[in-house]
Amino acid sequence: MITRMSSLFLRTLREDPADAEVPSHRLLVRAGYVRRVAPGGFSWLPLGLRVLRNIERVVREEMDAMGAQEIQFPALLPREPYETTGRWTEYGPNIFRLKDRKGADYLLGPTHEELFALTVKGEYSSYKDFPVVLYQVQTKYRDEARPRAGILRGREFLMKDSYSFDLDDAGLDNSYRRHRDTYIRIFDRLGLKYVIVSAMSGAMGGSASEEFLAEAETGEDTFVRSTGSDYAANVEAVVTPAPEAQPIEGRPEAQVHHTPGTPTIATLVDFLNGANLGRTFTAADTLKNVLVKVREPGAAEATLLAVGVPGDREVDMKRLEAAVHPADVSLLEESDFAANPFLVKGYIGPGALAANGVRYLVDPRVVTGTAWVTGADKADHHVVDLVCGRDFTPDGTIEAAEVREGDAAPDGTGTLVTARGIEIGHIFQLGRKFTNAFGVDALGQDGKPIRITMGSYGIGVSRLVAVVAEQYCDQLGLVWPRAIAPADVHMVIAGKDETVRAGGERLATELDAAGVRVMLDDRTASPGVKFADAELIGVPTILVVGRGLANGVVEVKDRATGERVEIPVDKVVEHLTELVRD
RNA sequence: CGGGGUAUGGCGCAGUUUGGUAGCGCACCCGCUUUGGGAGCGGGGGGCCGCCGGUUCAAAUCCGGCUACCCCGACCA
């Protein structure tokens, strides 16, 4: 195919759009790939649509290769199935709802688990039909509170979502594994730098959910990686290595000290170090007990939960929430302290918690035999050398302490460093939540119904355009990987000389005949404009046909490396055909 | 929802303090020249200055109200 820039629906911008911050947004707008229509809503212009379609093609090829079958649901959906699963309410303000002329409720699909489950229920009913994997590439709608960063987070976006249906857990594991392998192939073909992180804490089951995060400074997700291995995880999923339990014998007795004016860890440590106790204390020697209220879904009342973490660390609310999911967490208010007088603010200790039946979960570093400085449940008093397993016994451990750079990696290979990423894929063993809601069964060999188990798997297709742009760009513009580039070769005709123009045209025709996708800059603009646009647009190979033609050579420039070589005209088709094939 | 900012031609901006017939660059159209790194000269088209109301002889500019958008945070996967 030859794309003539003289008639291509394209206008590049010399300046950055004022409202674009992140590189992908800036460049995709400047290079004329997308235009903003509404907050979180973009139109795809010819070049952008090509890249989007190319990414779709890669996704479809790999999904088809794993045996998934493509179907397509409407984006406009009736309320009822979402009412059945409770998500009409659960989604809150995050879905677009609308009414038809009769007043019936509809929504614009944010995701389609309900429809897939219902469709399988409607068509299949024998164990012989399973397993089956269905997918669609569909426009999704979410009423994001704050769309941002161009097409990285929009309110309308293109997503590939697939769903597996299996008879048993082993089948689900297998479907999950196959999706994981397929996703790796897709993201590798797109040339992305990414990590696979566990999306849930260990307590909820290891491989039940993983996220694919593309590395990008502009990413919204923080994850950690090990300096010594491939280990990577969401901060919420980091498992703290527990130290060995220590012998209790020989530990000094616990002693209560009068520690006036020490409601914070810093003031306490200062006080202890000035109290002639014969040793030096640090914040890590103290045990900070933070009280929260936890409300289980559907429960009317919240219950108290005490979380004990080493005093040198904050409680990370996101980690705490992930650890108690699906329950809600909230901080205590003054009225809660008033209602529970045994909670002495700033001086809460394990003693009062146990005496009053408050569930007490501690950081995994708090193991049997470790000694702590903590609250004595009395204003201005702390207890020193309170030994875990002797003087107090927690109800269990919880991953709630903040994760910091330099912490030991859970796999013991090195230390953790933090990085930022953009979620590009998510694979998830859903289990029977939706099949239970709709009663999706298959009749087994023995004539008894088998409840089907589901997996759900998503790829943000439109987001990938921006993610690739984010990872492949430089000062001058975009630099597309060949697999998804809008063309293979961007030919700049430099000069108005009629023989140069004719030579370029002839070459373009030959390249086209050889199966090379050519973007032909046949505009009358000056050479500087054409070179700048070629670099901005980011086709992987730039071919300059100009003054060299008189000597029988043209120039081939690699957009990524900037490297340029002169090639004899009669060799250029062969040369470029090889390049494209690689 | 909290904090900050912005709103003037397709894009990027000045003009608002101190009210007086809306301007610059890019892009676009015409002519001549130019053609290997965002050309030059000349001529031209295009704007209810976000919206509503007020003050005034006169409002982009002053006053009141509203709305939209951007950024940070909260929220969201």
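This report describes the fold of chain A and the surface around RNA strand B in a predicted model.

## Basis and overall layout

In this predicted model, local features need pLDDT of at least 70 and side-chain atom pairs count only at pLDDT 80 or more, while totals for chains, interfaces and linings use all residues. Residues are numbered from 1 along each chain as its sequence is written, and chains are lettered from A and ligands numbered from 1 in the order in which they are written.

Chain A has 15 helices and 30 strands. Helices (H or I, at least four residues) and strands (E, at least two) are DSSP runs, numbered from the N terminus. The C-alpha trace of chain A spans about 95 × 70 × 45 Å along its principal axes. Of its 582 residues, 39% count as buried. A residue is buried if 20 or more other C-beta atoms lie within 10 Å of its own, exposed if 12 or fewer, and partly exposed in between, with C-beta atoms placed from the backbone. Two residues are in contact if their C-beta atoms, placed in that way, lie within 7 Å. Among contacts in chain A between residues at least 6 apart in sequence, 71% join residues at least 24 apart.

## The six-strand sheet

Strands of a sheet pair through backbone hydrogen bonds, either parallel or antiparallel. Here, two strands pair if DSSP finds at least two bridges between them. One open sheet has six strands in the order E1-E27-E26-E28-E29-E30, with mixed pairing. Strand E1 (2-4) and strand E30 (564-568) are at the edges with a single partner strand each, so one side of each has no neighbour in the sheet. The twist from one strand to the next averages 25°. Angles run from 0 to 180 degrees between N-to-C directions, and axes are lines fitted to C-alpha atoms, for helices over the stretch in contact.

Within this sheet, strand E26 (residues 489-493) pairs with strand E27 (residues 518-521) in the parallel sense over four bridges. His490 has Met519 in E27 as its bridge partner. Two helices pack on the sheet. Helix H13 (residues 498-513) touches E1, E26, E27 and strand E28 (541-545), and its direction makes about 165° with that of E26. Helix H15 (residues 569-581) touches E26, E28, strand E29 (553-558) and E30, and its direction makes about 125° with that of E30.

## The three-strand sheet

Another open sheet has three strands in the order E14-E20-E19, and its pairing is antiparallel. Its edge strands, E14 (255-258) and E19 (371-375), each pair on one side only. Four bridges join E19 to strand E20 (residues 381-387). One bridge links Gly375 with His382 in E20.

Most residues other than glycine have a negative phi, and most peptide bonds are trans. Asp377 has a positive phi of about 60° although it is not a glycine. Asp377 lies in the loop between E19 and E20, and it counts as buried because it has 22 C-beta neighbours inside 10 Å. Asp385, in strand E20, also has a positive phi, near 65°. Asp385 is partly exposed, with 16 other C-beta atoms within 10 Å.

The peptide bond from Phe130 to Pro131 is cis, with omega near 5°. Pro131 is in the loop between helix H5 (113-123) and strand E8 (132-141).

## Helix packing

Helix H1 (residues 23-30) packs against helix H12 (residues 461-471) at an angle of about 100°, with the axes 8 Å apart. The two helices are therefore roughly perpendicular (65 to 115 degrees; under 35 counts as roughly parallel, over 145 as roughly antiparallel and the rest as oblique). Pro23, Ser24, Leu27 and Leu28 in H1 meet Ala466, Ala469 and Glu470 in H12. This contact has five nonpolar, one polar and one charged residues. Ala, Val, Leu, Ile, Met, Phe, Trp, Tyr, Cys and Pro count as nonpolar, Asp, Glu, Lys and Arg as charged, and the others, Gly among them, as polar. H12 is mostly covered, with eleven of its eleven residues buried.

In helix H8 (residues 317-324), the buried residues are Arg319, Leu320, Ala322, Ala323 and Val324. Their cover includes strand E15 (287-295), strand E16 (303-310) and strand E17 (328-331).

## Around RNA strand B

A residue is near a molecule or strand if its C-beta atom, placed from the backbone, lies within 6 Å of it. Of the 36 residues around RNA strand B, Ala18, Pro527, Gly528, Phe531 and Gly546 come nearest. Helix H14 (residues 527-537) gives the largest share of this surface, eight residues. By class, the surface has 14 nonpolar, eight polar and 14 charged residues.
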